[in-house]
Amino acid sequence: MGTSGSYGGSGNADWKQTHDAFDALPVAALSGTGPQAPPDPTDVQQQLLDSILDALSTALQNDDADRGSPPAAGYPLSALLTSPRASGGGGGGAGGTHTPNGRAGAGSRRQVIKGSARGAAALAGAYGLRNGDAARLQELGLNLTELRNLRPLAQISRILQTVLGDAGHPDEAALRKAATRYVKAVLLDPEPPAQKDGLRGLVTEWIYELALVELGSQKAQGSNLTAQEAIAKQRLIRSWLERRLKHIGIPDTRHMTVREFSATAAEVTGEALRMLRARRS
């Protein structure tokens, strides 16, 4: 279930409330596990889904090393990228990676806001390659000509490895999964998402994948849900999360540098957590 692996979950009161809200969502009313969108939730389900997202956003903010708000000065790219060649080098960024600038162990703080900025740096690289923007790629230590000589899947791998490196923690695996979805969309889809849509989608997917890390630990610890029931609940949560964040404000990102794009993602993620805690009227 999700990206949890052998992760045992955070186990604090905030996440217990999220688990309880997840449990309260009735299974009997859910139907279908195929690729089609889940049915519109009833009014009662909407209230329960809002309770889940409220608890989820509270838990994520309280877990976050930056308490749900990016630092006033933003993050330097050196704090976001894995590759030591990044930020001005002309090399390809393959190999030679050091410890990721993400969550590294059980005792480390969760990096919700910074993780979003890191995923956005990878996404900015994908848009840079798609649009032939050598300057954006150079910020990441990547070379436009070298990337264009690679096959599409190798391009995707090079960008993700340069920015995110290997996933040594379930949160890092969740970030890589969220970023991969949108990097692939930018580089492989005939009509890639507009940059505003890609950034919004990345933020939404990152929050959802972090939810799965924790909810997956519940499944591993003996929840009575079947795999099919858990998937049905997850699909409804994802759909509702997308609806709640559909109209979140995002500035024009088309001419932003990688650092500006990443800073915007961090700010949008902080705003998303605040929106999810605010119950709809």
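Mentor: Happy to! The axes of α3 and helix α6 (residues 152-163) come within 9 Å and cross at roughly 145 degrees. Axes here are lines fitted to C-alpha atoms, for helices over the stretch in contact, and angles run from 0 to 180 degrees between N-to-C directions. Bear in mind that this is a predicted model, where local features need pLDDT of at least 70, side-chain atom pairs count only at pLDDT 80 or more, and totals for chains, interfaces and linings use all residues. Residues are numbered from 1 along each chain as its sequence is written, and side-chain values use heavy atoms, with hydrogens and water left out.

Trainee: Which way does α3 pass α6, left-handed or right-handed?

Mentor: The crossing is right-handed. That label applies if the near helix is turned clockwise from the far one by less than a right angle, and left-handed if anticlockwise.

Trainee: And which residues make the contact?

Mentor: α3 brings R118, A121, A122, G125, A126 and L129, while α6 brings Q155, I159, L160 and V163. Contact means heavy atoms within 4.5 Å. By class, that makes seven nonpolar, two polar and one charged residues. Ala, Val, Leu, Ile, Met, Phe, Trp, Tyr, Cys and Pro count as nonpolar, Asp, Glu, Lys and Arg as charged, and the others, Gly among them, as polar.

Trainee: How do α3 and α7 cross?

Mentor: Helix α3 (residues 112-130) and helix α7 (residues 170-188) have axes that come within 9 Å and cross at roughly 20 degrees. That makes the two roughly parallel; angles under 35 degrees count as that, over 145 as roughly antiparallel, 65 to 115 as roughly perpendicular and the rest as oblique. The α3 and α7 crossing is right-handed. On the α3 side you'll find G115, R118 and Y127, among others, and α7 residues including E172, Y182 and L188. This contact has 12 nonpolar, two polar and three charged residues.

Trainee: Let me zoom out. What is the chain built from?

Mentor: It has 10 helices and zero strands. Both are DSSP runs, numbered from the N terminus: helices are H or I with at least four residues, strands E with at least two. Of the 281 residues, 51% count as buried, meaning under 20% relative accessible area, with exposed over 50% and partly exposed in between (1.4 Å probe, protein chains only). Of the contacts with a separation of 6 or more, 78% join residues 24 or more positions apart.

Trainee: Back to pairs: what about α1 and α2?

Mentor: The axes of helix α1 (residues 13-24) and α2 come within 8 Å and cross at roughly 160 degrees, so the two are roughly antiparallel. Their crossing is left-handed.

Trainee: Last one: what is the phi of R67?

Mentor: R67 has a positive phi of about 55 degrees although it is not a glycine. Most residues other than glycine have a negative phi. You'll find R67 in the loop between α2 (43-63) and α3, and it counts as partly exposed because its relative accessibility is 44%.
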